[in-house]
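Hi everyone, thanks for coming.

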There are 4 protein chains.
Amino acid sequence: MKEKVIKRVKTVLESPKSDNGILPAESSPLKPYRLAHTSGDEKTVIDVQGLLVGGPQVVIMAGPCSVENEEQITLIAKAVKEAGGTVLRGGAFKPRTGPYDFQGLGKRGLQLLQKAARSTGLRSITEVMDPRDVDLIVEYADILQIGARNMQNYTLLREVGRTKHPVLLKRGMHSTYKEFLLAAEYILTGGNANVMLCERGIRTHVTELRFTLDLNAVPYLQNETHLPIIVDPSHGTGRRDLVPAMSRAAIAAGADGLLIECHIDPDKSISDAEQAISIEALNQLMREINTIAGAIGRTVAT
Amino acid sequence: MKEKVIKRVKTVLESPKSDNGILPAESSPLKPYRLAHTSGDEKTVIDVQGLLVGGPQVVIMAGPCSVENEEQITLIAKAVKEAGGTVLRGGAFKPRTGPYDFQGLGKRGLQLLQKAARSTGLRSITEVMDPRDVDLIVEYADILQIGARNMQNYTLLREVGRTKHPVLLKRGMHSTYKEFLLAAEYILTGGNANVMLCERGIRTHVTELRFTLDLNAVPYLQNETHLPIIVDPSHGTGRRDLVPAMSRAAIAAGADGLLIECHIDPDKSISDAEQAISIEALNQLMREINTIAGAIGRTVAT
Amino acid sequence: MKEKVIKRVKTVLESPKSDNGILPAESSPLKPYRLAHTSGDEKTVIDVQGLLVGGPQVVIMAGPCSVENEEQITLIAKAVKEAGGTVLRGGAFKPRTGPYDFQGLGKRGLQLLQKAARSTGLRSITEVMDPRDVDLIVEYADILQIGARNMQNYTLLREVGRTKHPVLLKRGMHSTYKEFLLAAEYILTGGNANVMLCERGIRTHVTELRFTLDLNAVPYLQNETHLPIIVDPSHGTGRRDLVPAMSRAAIAAGADGLLIECHIDPDKSISDAEQAISIEALNQLMREINTIAGAIGRTVAT
Amino acid sequence: MKEKVIKRVKTVLESPKSDNGILPAESSPLKPYRLAHTSGDEKTVIDVQGLLVGGPQVVIMAGPCSVENEEQITLIAKAVKEAGGTVLRGGAFKPRTGPYDFQGLGKRGLQLLQKAARSTGLRSITEVMDPRDVDLIVEYADILQIGARNMQNYTLLREVGRTKHPVLLKRGMHSTYKEFLLAAEYILTGGNANVMLCERGIRTHVTELRFTLDLNAVPYLQNETHLPIIVDPSHGTGRRDLVPAMSRAAIAAGADGLLIECHIDPDKSISDAEQAISIEALNQLMREINTIAGAIGRTVAT
C-alpha cells in the first residue's frame, strides 16, 4: 500500500503546477485531502527502522515529557524497553505556553535521547518546532513530531514534507477532522508519505480536564484516510489516573499505537508532572494493552 | 453499598432544613455533590426487576429511537433479546428540536413498549419530559430516562426523585462533570438512590459529528461517584458507522452498560435514522462487546 | 407587524394537523422556524403594559438575581426607576446548579416583586421553571422568563405558548441560533406571538469567564427573525467589571434591550454576587447607554 | 508609557538568566505575563510611522485578504484612503487550510502592497509565516502580522521579538486570554515592546458562523494589559453582513482599532470572498464608526 501512496504522491507532484508551485485546484477530486484520503481498506504502513507502524501490530511509544539529563533518560529508556515499548519519546525543544517555562535542553537533549534509544534498541521520537531545525533533528531522531500548536504552521509542514523521514503529526486542539487531514496533506504534497496522525485532545468547555481526548477521531479517521492513527492519552486528558482507561479504550477503538508520558519519578518531572505515569503503572498498562489488543485480533509490536 | 447510599440519603433528609426545604449549605462536605460522591471503591448496584446495573456484569440496552407501531417495536424487541440485550429502549414522548417534528405516540407508545418488553422478557426504558407524566411512566416502564436537554430541568429532577424508580440521567451536551453530578444530586436528595449516569456526547467545535462522545467521562466519573455509568454511542456520535468502535472503547474504558439505537430498517426510522444500526450490526456488535468485556474480566448480563 | 405575526400564527394553527396535533412537515417553508422567520424588515413589537419592546426605543430591565426580602426589592426598584429603567427583574423560583443552593422565596417572592414594581411604576419579569406554575406567575409578573437551562424544556415552552403573556426566552448555553429559533417556534405555534429572545452567553473553552457573551447573535438573529432581541451582559460574562463595556457594545450592535443584574449591596447578593453591579454603576451605565443609543438613532424607553 | 514598558523589558532582559537563555521562573510576579500585564491605567501607545495606535484615536486598517495584482491593490488603497482608513492590509504569504488553495504572491505581493500604501499615504500591514522571512517583511511592511494559527509558533514569536518593528498578534481560535497574553509575552521578552493584540474570533459549537467573535476580550484584556487591542470582525464572523454591527460594537466596547477586509468586487476575491465588504459598505461603516467613537469620547485617526 505504501508504494501506492508514494506513487500517488509522485503522480500529483508531476502534474502541471500553477506559478506559485501549487497544484491547480481543478485537479482535486471530491475530497480536499486527495492524498490523505482512502476510498477503500488500504492502509499505509510506515517503516521506522524496521518497526512497522500502521500494520497488524500496535506500537507503544513512551518516555518523559522532556529529556532532563543523561541518568533520567537512560533509566526511563531501559524501563520502557523492559515494559515492552518500542519507541522512546523525549522532548529536546519544548513548546511552552509561557516564555519563562523550561524550554528543553536543545541539541544536547537530542544527543541524550539518541544515545539512550540506541543503547536499548528503541526507536526515538522528538518534537521539531523550527523549520531551520528539521535537518538537525532528522540526524538524531527516528520520528519527527509536529506538536498540536504547530498543526497549521504551514512553513514547518512543508519543511518536514521535503524529507522522507517518518512524521507524527499531532492534531490541533481546535481543529476539525478535515483541517487535521489537510495539515497532513501539506506534508504529503511535499513528497513525504510517512505520516502518522496523532489524536491528543481538543479544547472543550469541560473544565475538569486539561483537554478532552476525542476517541471518535479514531474510527472517523480510519474511514477517511489510509494513514496510521496514534493516540496520546497523556496530553489528551492531562491526568495520569485517566491514562490507563483511555489507553485501553483507544486500542479497543482501533488505534495503531499509543504515545504515553512516563517518568521514573513522575512528581519530579520538570514539565507536565501531573500527566506522567510511573514505571510500575506503565508495566501494568502494557499488560492491559496486550489483553485488549488480543481481544480485537492484534498484538503489540516488540 | 446501595443500602449505604440509601442510608446516607436518609440521614441527609433527616437533618435540619432551611425554611424552603433545602438543606443548609454549611452541612456540605468538601464535594458539592455529597450524596453522589464516593471516597472509595464503593459502587451502587441498581436492581431493575432482577437485572443488576453497576455490578460485575455489563448491561446492554437497545431499541429504536421512537416506538412507531406495534409491529416495529415487537420485531425489534425479539431481535434485541436474541442478540443478547436485556433492556428495550423506545421513545413515547420525544424531545424534538423543532415543533413540527414527530413528537412520539405518547401513552399508546408506552403501552406498546411495555407489551413488547414483557413478551420477550426484557426490561424497558423510556424518556419522561413532563413532571406531570412521571407517575404514568412509572406504571409502564422499568427505567425512567431524563434526556440531555432536561439535565438541568430541576422541576423534573425533583419529581423523579420523589419516586424510588430507577432513573437514567443523561448528561447535558454543555455540562461539566460537576454539573452532571449536581443534577444527579437533585434526584438523590429527593430520596431516590437508583440513579444511573449516561454519557451521550457533548457539543464541541467538531463539525463532522453531531456530538463528541466524551469517553473521558467514564474513568473520571468512576473516580468521583458510586453511581453506575452507561454510555450512549448512538447519540454520542450521531453516526452508525462509529457505533461499533465507540461501543468497544466504552466497555474497555470501564462503562457499566451501553444504550444503543437499532432498527429493523434503519433508513426508515421516523427519527434519528442516521444513527440507528441494523439488527445484523447489533448481533456483530454484541459479539465484540462480549470479547472486550471478557478481556477486562467482566461478562455481559443476559 | 405584530398583527401580521399573529395572523401567521393563526393561519398555521388552523391548517390541517397530524394525529398527534403537530402540523405536517410538508407544510413547512424553507426555514424550519417558519413563524419566527422574517424575510424582510418586519419587526414584532410587544406591548408590556404599555411599554413597547422591539420598537425604536431600547428597553432596560434591571434588578437583583433573587428577590431576597421586602426591603431589598423595594430599595432596588426605586433605584432602577430613578436610573431610568422600565422593567424590574427578580427571581422567585431560582434554577440553581446544586440542590443545596438558595432556591428562591417562591410565591412570597412573586408578591414582593409585584408590589415593588407596581409602587414604582415598573413592569416586572421573573422566571418560570415548572409548567404547573405558569398560571400563578402570569398573575404576578408582566413578563415570563424561560431560563437558559430550560430553553429546550418543550413541556414548559408549550405551556407558556398557551398563554398570551409576554415571554423572554433565554438562549441555551450550548445552542446554535437555529435551535434557539426553533425553541421560540414552540411558543409561537402555541399561539403566543409575544416572544422576546435573550442572548445570555454560551459555553466555550474560555476559562477566565463564566460564559462567553455572544454578541454576534444580535445581528445574526435580526437578519433571521422579527422577534425583539434582548442581551443579558450580567450572566453573559459573569463579571460585573465587564458589564458596562458589553452593555454599550450590545446597544451599538442593535439590541432592543438589556437585562442587567444590580444590587444595593452587590457583594451581599445571596446569589450571583460577582456579576451584580451597584446602583452607582447602574446610573453611570444608563448615561452611557443613552449616548450610544443616540448615536445609532434610538432612545431609551422611560 | 511606552518608555516604561521598554524599561521593564530592559530590566527583565538584564536580570540573571538560566543556561538556556530563559529567565528564572522565581523572578516572576503574580501574573505569568509580567511584561504584558498592567496594574493600573497605563497604556502602550505604538508609533507606526507617525500613526499612534493605542492612544485616544481609533485606527482603521482595511484592505483585501490577499494582494492579487497591481490594479486590485492600488484601487483598494485609494478607496481605503478616501473612506478614512489609515492602514492598508493585504496578504502576500497566506496561511491556507489546504495546500491546493491560493498561497499568495510572496515577495511580489509585498512590493505591490508597499507601493500602493506609499502612493496613498497609508501604512501597511501583512502577515509573516516563516521565521526566515521576518527581515524581508520588515523591509516592506509597517506592521508585521502574526496569524491566529501561529499564535503559539514560538519560533516565529521569538523572531519578531528580535526586531523593534510593530507587531499585530492575532489570538488563536482555541486560546484563553492567559495564553494570548503569554504569546505576547514571548515577543516582549525578546525586547520588542510594540505589540498590538487582535481578537479575531474563536472556535465554538455555533455552526452558523465560521468563528464566534469574542468581544468580551476587549474589556477583559483592557483590565489585564497595557497593550492596544484591535478587533477583526471580518475573520471573527466570516460573514460580511455582520461586519457593520460587530464593528460598531467593538468600538463601543473600547477597541483601539479595527482590521477589516474589503474588496472592490467582494464576490471575486480570490480568498475569503464571503467576508469582504464592498467599498460602498466601507464608506457607510466609517460614518457609523465615527459616530460611535464620538459617543465614547474618541475620534478616528486620519
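First, some housekeeping. This is a predicted model, so keep in mind that local features need pLDDT of at least 70 and side-chain atom pairs count only at pLDDT 80 or more, while totals for chains, interfaces and linings use all residues. Residues are numbered from 1 along each chain as its sequence is written, and chains are lettered from A and ligands numbered from 1 in the order in which they are written.

Okay, symmetry. Two copies of a chain are related by a rotation about an axis and a shift along it. To get that relation, the copies are superposed by least squares on the C-alpha atoms of residues with pLDDT of at least 70 in both. Take chains A and B: turning by 180°, with 0.0 Å of shift along the axis, puts chain A on chain B with an RMSD of 0.0 Å. Which residue of chain A has its C-alpha nearest that axis? That's A:Ala249, at 2.0 Å.

How many residues go into this contact? There are 33 from chain A and 33 from chain B, where a contact means that two C-beta atoms, placed from the backbone, lie within 7 Å. On the chain A side, α6 (177-189), α7 (217-224), α9 (243-253) and α10 (279-295) each give at least two residues.

Now chains B and D. A rotation of 180° with 0.0 Å of shift also takes chain B onto chain D, RMSD 0.0 Å. That is what a two-fold axis does. In chain B, the residue that comes closest to this axis is B:His205, with its C-alpha at 2.3 Å. This contact takes 4 residues from chain B and 4 from chain D. On the chain B side we have no nonpolar, 3 polar and 1 charged residues. Here too, 100% of chain B's interface residues are interface residues in chain D, so the copies meet through the same surface.

On to the helices, starting with α6(A). Is it mostly buried or exposed? It's mostly covered, with 12 of its 13 residues buried. Buried means 20 or more other C-beta atoms within 10 Å of a residue's own, exposed means 12 or fewer, and partly exposed is in between, with C-beta atoms placed from the backbone. Among the buried ones are A:Phe180, A:Leu181 and A:Tyr186. Just after α6(A), A:Gly191 has a positive phi of about 110°.

Next, α10(B), residues 279-295. Its 17 residues reach 25 Å from first C-alpha to last, close to the expected 24 Å; the expected span is 1.5 Å times one less than the number of residues. Its buried residues include B:Leu282, B:Met286 and B:Ile289. And what do the buried residues pack against? From chain A there are α9 and α10, and from chain B there are β3 (57-63), α2, α9 (243-253) and β11 (299-300). After α10(B) comes B:Gly297, with a positive phi near 80°.

Last stop, C:Ala301. You'll find C:Ala301 in the segment after β11 (299-300) of chain C. C:Ala301 is buried, with 20 other C-beta atoms within 10 Å. Leaving out residues up to four places away in sequence, C:Ala301 touches C:Leu51, C:Gln57, C:Val58, C:Val59 and C:Thr86. C:Ser269, on the other hand, is 32 residues from C:Ala301 in sequence and 27 Å from it in space, C-alpha to C-alpha.

Conventions. Ala, Val, Leu, Ile, Met, Phe, Trp, Tyr, Cys and Pro count as nonpolar, Asp, Glu, Lys and Arg as charged, and the others, Gly among them, as polar. Helices (H or I, at least four residues) and strands (E, at least two) are DSSP runs, numbered from the N terminus.
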